[in-house]
Amino acid sequence: MGSIVFLGFNLYAWITIVTVLSMFTVLLFTKLRADLVFLGAIAVLFVTGVLDAKEAFSGFSSTSVVIIGVLFVVVAGLTHTGVLQWIVKHLLGQPKSYSKAVIRLMLPVAALSSFLSNTTVVALFVGIVKMWSKKLNISPSKLLIPLSYASGMGGVCTLIGTPPNLIISGLYADHTGTAMNVLTTTIPGLFCLCIGVLSIIAMRKLLPDRQAPETAFESTSDYTVELLVPSDNGHIGETIAEAGLTNVNGGSLIEIVHFDDIITPVPDDEIIMGGDRLIFAGQIDEILELKKSHGLVNADHHIFTMDEVGKDRQLQTAYVTFGSSLINTTIGDSTFEHDNNMILVAVARRGKRINESPRKVVLQAGDTLLFECPPHVNIHTERLASQLQFFDNAQVPNIGKKTLVSTTIMILMVVLSALNIIPLLQCAFLAAIAMLLFRCCNVDQAMKAINWEILMVFAGSVVLGIAIQKTGIAERLAFGILDVCGTNPIVVMAAICFVGTFITEFISNTAAGAMFFPIMYEAAEKLGYEPYPFLIALMVSVSSSFATPIGSPTHMLVYGPGGYRFSDFMRIGLLMNLIILAANIFIVNIIYPLTPLQ
């Protein structure tokens, strides 16, 4: 079966190619969970005989995947003891200019991202950036992209900072029997980070100046609110003018719904009836005051008396994430409010007024939603996290003795591994156990911190790399690159890194690392050089995704709060990709000179 050859690839190779392309197409254009897509790809490669059972499931026992899983527990200990909050409070300071703000922001973020989850760090700092932007009197969009970029560039600085580094170093250890040091990428990473910070400052005019979405809930005519008239309301039977609803402070009544009849514009002599839905556009505080003074309620279902409405409800702001199941749907046509015990109050989209009922708005990625909900509602559940990103009322843990304990555990883990006293895997296990023993986090918190979906993606990425190498695809592509680029090793390195940087804008950087590892490894060996420096350059390149908001989860985190458009990332990101690529190739070849194979 595998002996059939077409265009230089046998049948098994074509099955692998089609599987990989189909998988990435599904990830890009559907809302299927990434872990299920990767699991499906593994199943296809196993059932068709491309991989045997041991190879198909080797990703789940891969050292790098196990390390990633254990590090989730270590990060949980740091998070629950307030390490991140302590750093934010004591190290950031109060910058007095844009350039200083970029430096004071990007360097601590990069340092944290070298050891912690990038998404955790960025989620914490988004609120800080909002405060800074007000003090500096600039839009948050000028700082949120640098925030996301810093987390990516910082992650490159250690093997444990970003999953591709662990995946690539793990595959290298499997091939050579030699483990990379946890600080292998530190100098190249720091050099690229410095170049990146300077580039951001130099190119700050390319950063968009967008209106922050939350200002849409502070300024006139930038959002809509839907209120309902209870059946016992005292204004029933009055006209809109008599009830004082024609012109309200900071806004206006733009639509009224009598059962199934929609009236817009609303005449002054329109009679108010019980059950009417009133759609206002204006300032959120003024309309919420109007709600109280006129006995109105938020419109999720018909309310017969004000006594049915809780007095202790609070407002929460959320942003619709990429891949959310809410995209292209309306809240009114779903059971979202009922399922999550919250009511949609208002919708904003990049500061633009939406002249229709919030519950009728067809949602898009990046939309800002304002909800009213009881204080006890958990807005950080896994279910909600897959649809919305909340930033209000984040729980801040107490900072105390355990903060110092968890920090010490983390430092010891890195030092012992860096000095090759204890292998990284064992260090990670010891650190995780220490976090539990010293009660930096409990077992329940540790288990909840493990992201099984991400681990499945990592395991699947390893298996894809095995299939690409086993079927000869890597070797063929390596020869193809050599035919185009010649035998200059630096040119070949740069070419593969360039393609890797481009590919990682659209697929998981973990998958890109696993996919390009065999290609880079084969190319280096065909040229007669040790693959080590080639792979270091690859680590940096597959984590350098700056040009699209879907290139990194951290980009998605800042997309909504920054009020960005898809093209905003391309304006500065394409140049950043090329600048970091050049810096990467330059520094790697200085720190790790090319060595001929023995």
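Q: In which hand does helix 10 pass helix 23?
A: In this predicted model, helix 10 (residues 186–202) packs on helix 23 (residues 566–591) with the axes 9 Å apart. The angle between the two is about 145 degrees. The crossing is right-handed.

Q: Which residue meets Glu55 in a salt bridge?
A: The structure holds 2 salt bridges. One of them links distant parts of the chain, from Glu55 in helix 3 (residues 53–56) to a partner in helix 17 (residues 452–470), 415 residues apart. The N to O distance is 2.7 Å, and the partner is Lys470.

Q: What is the area of the nonpolar surface patch that includes Leu36?
A: Leu36 lies in helix 2 (residues 34–47). The patch is made by Leu36, Leu39, Phe46, Val47, Phe57 and Phe60. Its area is about 560 Å².

Conventions
Residues numbered from 1 in each chain as written. Predicted model: local features only at pLDDT ≥ 70, side-chain atom pairs only at ≥ 80, totals over all residues. Heavy atoms only, no water. Patch = residues over 30% accessible without salt bridge, like charges linked within 9 Å, V, L, I, M, F, W, Y side chains within 5 Å. Areas by Shrake-Rupley, 256 points an atom, 1.4 Å probe, with all protein chains shown as cover. Salt bridge = Lys/Arg side-chain N within 4 Å of Asp/Glu carboxyl O. Helix = DSSP H or I, 4+ residues; strand = E, 2+ residues; numbered from the N terminus. Axes fitted to C-alpha atoms, helices over the stretch in contact; angles between N-to-C directions. Left-handed = near helix turned anticlockwise from the far one by under 90°.
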